[in-house]
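The sequence and the structure are shown first.

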Amino acid sequence: MKNISILGSTGSIGVNTLDVIARNPSRFKVVALAAGRNLSLLKRQIDEFKPGIVCVIDDERADQLREMLEHCAAPGIVSGDSGYMEVASWEKTDMVVSAISGAAGLLPTISAIDAGKDIALANKETMVMAGELVIAMAANRGVKIIPVDSEHNAIFQCLRGHNKNEVKRLILTASGGPFLNLPLERFASISLDDALQHPNWEMGRKITIDSASMMNKGLEVIEAKWLFDMDIDKIDVCVHPQSIVHSMVEYVDGSVIAQMGLPDMRGPISYALSYPERLQGAVEALDLCSAGVLEFINPDYAKFPALELAYTVAGEGGSAPAVLNASNEVAVEAFVEGKIRFVDMALVVKEVLDSHRTKEINRIEDVLDADWWGRARAREIIEKRMIS
Ligand code: MG
């Protein structure tokens, strides 16, 4: 029996993880849950999975949740930053599913590693912001980090049983999002609703918008660099609109190994939870003969400048990736609030990066400083744009 804690249980990855666990009750048990503001869903999860401890975003919601649970055998309820860290390092936990969205997932994930818990990593920001530190810390603590992000989970599978020195390059596939075939001149008038229509994957709002701008793929390039200890010039992106091939590894002899499946996050989640074993019937099997035509095309950097920004930043290293991520989070929020246009998001991030002097990252505080600086600078730039 593996005891699981889920950080971000009411989000898309959290809900899918609980579905996998519910269908495999003899293998997995939920011992701790952390959510944000969605108390009604969290309550249903508590009723069904009976965790020993749960965390919500603040004291007010913790009180509300206590009231909602008054008449049942309630778990321990904690809140805020210290609460998330408590859930992440809960003594009964064997594996932590790190699925809080955005930079907020970083510190809880680090607490889990520090406590020696294996990680099923869905929060890519942990790697983007602090990859070098986190990988070193995990090695030091003997912690396994298994990627849940579908592309990285695919590469993890394609690398298994092979010699890493024989890898020529990693090829991350990208769906291309809803604007793959939209002419460049129409990008200026993309609306929020347009950006929220992802063709293949059901995901949270932030990542759906990042997929539409391909910033998500940029973040994934940086994530891959650290997860697989790979030079950035050995990581390529290939647009594959059908999302059947989840990513590939090319070896020195010209062989390419691909991992395929229907686009269903329960696939990578199952693999991460049960690794090194595979779960029986985890997802519906892929029938390639009825999958239709599979296409592979080069990304269009003019339409998706965020991708190029991420490559530049990945090469630069230091504080630059944390600044990229922070300024992008602020820019996405501003787009959601109608303050800036879709195309302005990458422009804001670029302007922030142009005014950033890259610093070395030696401690987690350096990462938090870079994150703070990137956010403040992005807000300044957005305000200036709104006035002019
Ligand atoms: Mg992904």
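Buried area is the accessible area, taken with a 1.4 Å probe, that two parts lose on being put together, summed over both. The model is predicted, so local features need pLDDT of at least 70, side-chain atom pairs count only at pLDDT 80 or more, and totals for chains, interfaces and linings use all residues. Residues are numbered from 1 along each chain as its sequence is written, and side-chain values use heavy atoms, with hydrogens and water left out.

**Domains and their interface**

An automatic or database domain assignment sets the domain bounds. The chain is divided into domain 1 (2-147), domain 2 (153-265 + 288-312) and domain 3 (317-388). Between the C-alpha centres of domain 1 and domain 3 there are 27 Å. Contact means heavy atoms within 4.5 Å; by this rule, 10 residues of domain 1 are in contact with 12 residues of domain 3. About 820 Å² is buried between domain 1 and domain 3, and carbon and sulfur atoms give 75% of this area. Of the area that domain 1 buries against domain 3, Val128, Met129 and Leu133 supply 58%, more than any other three residues.

Helices (H or I, at least four residues) and strands (E, at least two) are DSSP runs, numbered from the N terminus. Helix H5 (106-114) and helix H6 (125-141) are the elements that give two or more residues to the side of domain 1 that touches domain 3. H6 gives the most to this side, with 5 residues.

**Salt bridges**

A salt bridge is a side-chain nitrogen of Lys or Arg within 4 Å of a carboxyl oxygen of Asp or Glu. The structure holds 27 salt bridges, while the rule finds 0 across the interface of domain 1 and domain 3.

| Salt bridge | Closest N and O atoms |
|---|---|
| Glu277 and Arg27 | 2.8 Å apart |
| Arg61 and Asp58 | 2.7 Å apart |
| Arg375 and Asp371 | 3.0 Å apart |

Glu277 forms a salt bridge with Arg27. Glu277 lies in the loop between helix H11 (266-274) and helix H12 (305-316), and Arg27 in the loop between helix H1 (12-22) and strand E2 (28-34), so the pair ties together parts that are 250 residues apart in sequence.

Buried means under 20% relative accessible area, exposed over 50%, and partly exposed in between (1.4 Å probe, protein chains only). Glu277 counts as partly exposed, at 46% relative accessibility, as does Arg27 at 26%. In contrast, both Arg375 and Asp371 are buried. These two residues are 4 residues apart in helix H15 (residues 364-387), and about one helical turn separates them.

In H1, the buried residues are Ile13, Gly14, Asn16, Thr17, Leu18, Val20 and Ile21. They pack against strand E1 (2-7), E2, helix H2 (39-49), strand E5 (95-98) and H11. Strand E1 contains Asn3, which is buried with a relative accessible area of 17%.

**The magnesium site**

Donors are N, O and S atoms within 2.8 Å of the metal (3.2 Å for Na, K and Ca); water is not among the atoms, so sites may look incomplete. Asp149 (OD), Glu151 (OE) and Glu220 (OE) coordinate the magnesium ion at 2.1 Å. Along the chain, its donors follow the spacing D-x1-E-x68-E. Both Asp149 and Glu151 are buried. A network of salt bridges links Lys124, Asp149, Glu151, Lys217 and Glu220.
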